[in-house]
Amino acid sequence: VRRLQGPGGELVDAIEQRFPGTAGPDGVDREALSAAVLGKPDELAALEALVHPAVHSARARFLLAHQDAPALLFEI
């Protein structure tokens, strides 16, 4: 998730578009994003709708790229 939300990450533009003022050249400002969604169930759901599919896709790409590895470990 941090890579997806970091500088040049694939979620940065989408998060900034949905939550203006929460991202910039250094990626997503986690503090600003937290302020935009915490205690706001509809906003949190909107963020999850962006993040969860992107994480799923990134994990699927990783699995394909490493399909011949004897073992894989995910720290989540």
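## Report on a predicted 76-residue chain

Buried residues, meaning those under 20% relative accessible area, make up 24% of the 76 residues in the chain. Residues are numbered from 1 along each chain as its sequence is written, and side-chain values use heavy atoms, with hydrogens and water left out.

**Overall architecture**

The C-alpha trace spans about 40 × 25 × 15 Å along its principal axes.

A contact is defined by heavy atoms within 4.5 Å. Among contacts in the chain with a separation of 6 or more, 34% are accounted for by residues 24 or more positions apart. The chain exposes about 5600 Å², of which carbon and sulfur atoms supply 56%; accessible areas come from the Shrake-Rupley method with a 1.4 Å probe, and for residues only the protein chains shown count as cover.

**Charges and salt bridges**

The chain carries 7 positive and 11 negative charges, whose mean positions are 3 Å apart. Lys and Arg count as positive and Asp and Glu as negative, with His and the chain ends not counted. Each charge is placed at NZ of Lys, CZ of Arg, CG of Asp or CD of Glu.

Side chains of opposite charge can pair when their charged atoms come close. The structure holds two salt bridges, a term that requires a side-chain nitrogen of Lys or Arg within 4 Å of a carboxyl oxygen of Asp or Glu. In one of them, glutamate 10 pairs with arginine 61, and their closest N and O atoms are 3.0 Å apart. Glutamate 10 belongs to the loop between α1 (2-5) and α2 (12-18), whereas arginine 61 belongs to helix α4, so this pair ties together parts that are 51 residues apart in sequence. Glutamate 10 counts as partly exposed because its relative accessibility is 46%, and arginine 61 is likewise partly exposed, at 44%.

A salt bridge also joins the side chains of arginine 18 and glutamate 43, at 3.0 Å from N to O. This pair links distant parts of the chain, as arginine 18 is in helix α2 and glutamate 43 in helix α4, 25 residues apart. Arginine 18 has a relative accessible area of 35% and is therefore partly exposed; glutamate 43, at 22%, is also partly exposed.

Glutamine 5 is located in helix α1. Its relative accessibility is 8%, so glutamine 5 counts as buried. Apart from neighbours within four places in sequence, glutamine 5 contacts Leu11, Val12, Ile15, Gly27, Val28, Arg30 and Val51.

**The nonpolar surface patch**

Phe62, Leu63, Leu72, Phe74 and Ile76 form a nonpolar patch on the surface, with about 490 Å² of accessible area together. Patches consist of residues with over 30% relative accessible area and no salt bridge; like charges are joined within 9 Å and nonpolar side chains (Val, Leu, Ile, Met, Phe, Trp, Tyr) within 5 Å. Leucine 63 is part of helix α4 and is partly exposed because its relative accessibility is 36%. Beyond neighbours within four places in sequence, leucine 63 is in contact with Leu72 and Phe74. Phenylalanine 74 is placed in the segment after α4 (41-65), and its 37% relative accessibility makes phenylalanine 74 partly exposed.

**Selected C-alpha separations**

Helix α4 also contains leucine 44, which counts as partly exposed at 33% relative accessibility.

| Residue pair | Positions apart along the chain | C-alpha separation |
|---|---|---|
| Glutamine 5 and alanine 23 | 18 residues | 8.7 Å |
| Leucine 44 and alanine 54 | ten residues | 16 Å |
| Leucine 63 and valine 51 | twelve residues | 18 Å |

Key. This is a predicted model: local features need pLDDT of at least 70, side-chain atom pairs count only at pLDDT 80 or more; totals for chains, interfaces and linings use all residues. Helices (H or I, at least four residues) and strands (E, at least two) are DSSP runs, numbered from the N terminus. Buried means under 20% relative accessible area, exposed over 50%, partly exposed in between (1.4 Å probe, protein chains only).
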